[in-house]
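Me: I am new to this structure and would like to learn how to read its features one at a time. Could you take me through it slowly?

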Amino acid sequence: MTYSIRNLIIVFLSLIPFVSFSQRIKQSINTSWQFHRGAEKDDNKKGYWEQVNIPHTWNVEDVMDDEPGYYRGIGWYQKELYIPEGWKDKNIYLYFEGASQVAEVFVNGKRAGVHRGSYLAFSFNITSLLNEGKNTIRVKVDNSHDPDIPPLGGDFSVYGGIYRDVYLIAADKNHFDMDNYASSGVFISTPSVSEESASVQIRGKVSVSKKVKITTTIYDKEGKEVAVSETDPDKDGSFTVQVKHIKKPNLWSPENPYLYKVVNVLRDAKNEIVYDEVVNPLGFRWYHFDAEKGFYLNGKPYKIMGASRHQDFKGMGSALSDALHINDVQWLKDMGGNFLRVSHYPQDPAVMEACDRLGILTAVETPGNNQITESEGYTHNMLDMQREMIRQNYNHPSVIIWSYMNEVLIQPLYKDKTPEREKYWKNLHELALKMENLCQDEDKERYTMIAFHGDFDLYKKVGLIDIPKIAGWNLYQGWYGGKFGDFETFVLKHHKEFPLKPLIISELGADSDYRLHSFSPVIFDKTQEYANLYHESYLKIIKKYAFIAGAIVWNLAEFGNESRQEAVPHINNKGLLTTDRKPKDSYFIYKAALAQQPFVKIGGSDWLYRAQQADPGSNTEATQPVTVYSNQKEVKLWNNGQLIGIQNVKDGKAVFACSFKNGLNTLKAVTDRGDEDLIAIDFHVIANQLKNTENTFTTLNVSLGDQRMFEDEVTKESWVPEQEYKPGSWGYVGGKVYREDEKSEKYGSRRNILGTTYDAMYETQCVGLKSFKADVPDGLYEITLHFAELLTPTEQEKLVYNLESNTRSENKLGYTRKFDVSLNGFIFLENLSDDNHLAPITAYSTKTTILVNRGQGITVGFIPHEGEAILNGIQLRKIF
Ligand code: GCB
Ligand code: CA
């Protein structure tokens, strides 16, 4: 083993006791915090403090429950801090990776500083406030809505708390700049890069009282020195190092995310004592966007394909460990993605490090979402955040775009043609220009982007499309309205009217509840299959045009927005992954299109408990299409050892008509290369003749007014769509599907149904039915009926949500409904109405047993007294 002279000196120094060898100490202080939600002062009261660890948010329970709204207010954190004797001469900082959204820090009762904004790091020099030994730090955190702090709104929850790591940093009095927006104090750029050679520029600042020198060493991935350079800082402490002619740099790219290290060491000019050291990543790559031909990386055309991501996970809000952040980047990588839109705000440093390491290009953005406030305070905070973001993330080779603003014209704030609106547009335009100029001043190299929503003419009129270097369009044609085909029309329009402006589809996506399925999906039904159609049709157009530089799926994973309703209340279901990271089929659509490594996956791998009506004429067999996703040429599919078919893969998939029987159906797909995938589906075939003897009756779960299948993977219950009664079988008699209004394409009521997690099932219903019949064989049955009143005048809704006031009965609905329910002729429920069980948008279910004999089957009768009877769901289970 050989040691360089410097290494020898370091080893030597560390062996001598009492030599001041003062590397920077950085230690996380995440454990044993005390927390109190609320602003009140009585902190001696028993039970005032709750023990918590960081990352922490106070909104976890808030967003798990069925009630709308979440706490936006003050929370206090407190912790004891021990400062060792040896730190007497050090400069001590508290460093927060992020706290949401205003954090005021106190040390031993004295104010250290305040930081505004949820999503960026900040640090305070607390040296002068500390005592040796025991100290108390307190942090007042406030996530109240503040018109001067972005985001003002948006489709996500602004969870409150200290939700990212906190560090204590002790540095020598002589150190690299620690007061530059919580950045590393050193800024690395690559003024020139080619396959043959590259140059590196390192800028920074030191804060020193001694005469010092700075050594900059660039190491390759293996730790070999590539370049060393020594410099003295200027009088004001600033320094610039130019490293030229790095021969044949190993280029960074998604396929080869090769990272160099830049190590800056601050030494005493006389005696070699090391005062400080900072390490930063370095990647050599060059890139550009061409409005006609798309994106180029290291000289080659390169389609940007990826997803956006919120810092959000089931049951955790925003308080995620680094491991969970990193896993998401890995999910994207495994899908074959090469791009992460870090939106709608800067995220944990672990995300950015993972992008560098795994080769994921990024756009990072500040949360200027939905609208702006026309105030000095807001402008100041927007600019400040952009500066913080750029300085904190400057050295990540993964970053190629600085973004600011998302869908800023989506709120219809002022009336048409008023001077207020003209003024708002002018102010918005001005602010965008300021943001753009700031990006240019801070970083000449990177591109900039604003993400617009689909109102082309409006953004054009306000002049926003002209400002950033890249136009991002968030496009949902065929989801929120319109047809899939409108997407192509839209991008062609952009290209025609802005032929010089590079274009990225900054969002595309469709909601799907992973529990909902349909083989004849329709818009708004929230089935996975509809979302699949959406993604497949968009992918075709994205591939077709080179001028579409990239496309970014909204969203990698489902995420929380407290104010959302629909199939899964409080959740935006557009994720390719669920909130707890189970992949939907849409994930595999992209994987088949993008992944380089051979891949095969049977669709519906998260749908393992299925039920379906038997094929016509059969009692024991049901046929379903099975989609196999692959990037290989050919797939074979087997079910329980029987060959179902052989097919060529087209557009990333092959679809087989597969016959299922009761019990386990083990599907196996094998590609021409020999890669395989297996899934075991527990299938329940519902006989056409319920009294048949080959497939005897066990259970039936029906969602009325519904054409979707619904699976509860926890109870393993599978719900089937309604059907009209036929003798020998089951179904409704009379009635029609609930619709909000006659013309509406909406599926069901799309409301948060209180008191259930089966919102989708309750959101649809059969209205005005006479009966529900099932010609089941004799036996004792359990029968469960599910109802929810879906007609809800707005007044009424507010009152239901307002649990404090008990004035519901004073506010009558604008209609009446009153009906009885009979079971085989006996009245079982009497006068069902909103006076008793049918509270609006609230789940009501009741069950009973019924003895069926003499071959009479089951008839549930509906006898209206006022208005029409309704039924949302029914379950039958044979006891014996
Ligand atoms: C958008 C927004 C995003 C929403 C998304 C949606 O355009 O930028 O914040 O979550 O649409 O799902 O509606
Ligand atoms: Ca972290």
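Me: Which residues does Thr671 touch, not counting residues up to four places away in sequence?

Reply: In this predicted model, the residues that Thr671 touches, once those up to four places away in sequence are left out, are Val600, Ser630, Gln632, Glu634 and Val635. Thr671 itself belongs to strand S39, which covers residues 663–671.

Me: Is Thr671 buried or exposed?

Reply: The general idea is that a residue counts as buried when its relative accessible area is under 20%. Thr671 has a relative accessible area of 5%, so it is buried.

Me: What share of the residues of the chain counts as buried?

Reply: Of the 880 residues, 59% count as buried. The accessible surface of the chain comes to about 36000 Å², and carbon and sulfur atoms account for 51% of that surface.

Me: How many helices and strands are there in the chain?

Reply: The chain has 12 helices and 54 strands. Its radius of gyration is 31 Å, close to the 29 Å that the globule rule gives for 880 residues, so the chain is as compact as a globular protein of that length. Taken along the principal axes, the box that the C-alpha atoms fill is roughly 105 × 70 × 65 Å. When contacts between residues at least 6 apart in sequence are considered, 71% of them join residues at least 24 apart.

Me: Which residues come nearest to ligand 1?

Reply: A residue is counted around a ligand if one of its heavy atoms lies within 4 Å of it. There are 13 residues around ligand 1, and those that come nearest are Asp155, His344, Glu407, Tyr480 and Lys574.

Me: Where do polar side-chain atoms lie in relation to an oxygen atom of ligand 1?

Reply: A polar contact is a pair of N or O atoms within 3.5 Å, and there are several cases to look at here. An N or O atom in the side chain of Asn406 is 2.8 Å from an oxygen atom of ligand 1, while for the side chain of Trp554 the corresponding distance to an oxygen atom of the ligand is 2.9 Å. For Tyr476, a polar side-chain atom lies 3.3 Å from an oxygen atom of ligand 1. Ligand 1 taken alone exposes 320 Å², and the protein buries 93% of that.

Me: Which residue does a cis peptide bond join to Trp554?

Reply: The angle to read is omega, and for the cis peptide bond that joins Trp554 and Asn555 it is about 20°. Asn555 is found in the loop between strand S30 (548–553) and strand S31 (559–560). Another cis peptide bond runs from Pro150 to Pro151, with omega near 5°, and Pro151 has its place in the loop between strand S9 (133–142) and strand S10 (166–171).

Me: What is the phi of Lys248, and where does that residue lie?

Reply: Lys248 has a positive phi of about 40° although it is not a glycine. Lys248 lies in the loop between strand S16 (238–247) and strand S17 (260–268), and with a relative accessible area of 57% it is exposed. Asn831 is also not a glycine, and it has a positive phi of about 50°. Asn831 lies in strand S50, residues 826–833, and at 32% relative accessibility it counts as partly exposed.

Conventions
Residues are numbered from 1 along each chain as its sequence is written. Chains are lettered from A and ligands numbered from 1 in the order in which they are written. This is a predicted model: local features need pLDDT of at least 70, side-chain atom pairs count only at pLDDT 80 or more; totals for chains, interfaces and linings use all residues. Side-chain values use heavy atoms; hydrogens and water are left out. A polar contact is a pair of N or O atoms within 3.5 Å; within protein, one must be able to donate a hydrogen and the other to accept it, and residues adjacent in sequence count only if both atoms are side-chain atoms. Accessible areas come from the Shrake-Rupley method with a 1.4 Å probe; for residues, only the protein chains shown count as cover. Helices (H or I, at least four residues) and strands (E, at least two) are DSSP runs, numbered from the N terminus. The radius of gyration is taken over C-alpha atoms; the globule rule is 2.2 Å times the number of residues to the power 0.38. Buried means under 20% relative accessible area, exposed over 50%, partly exposed in between (1.4 Å probe, protein chains only). Contact means heavy atoms within 4.5 Å.
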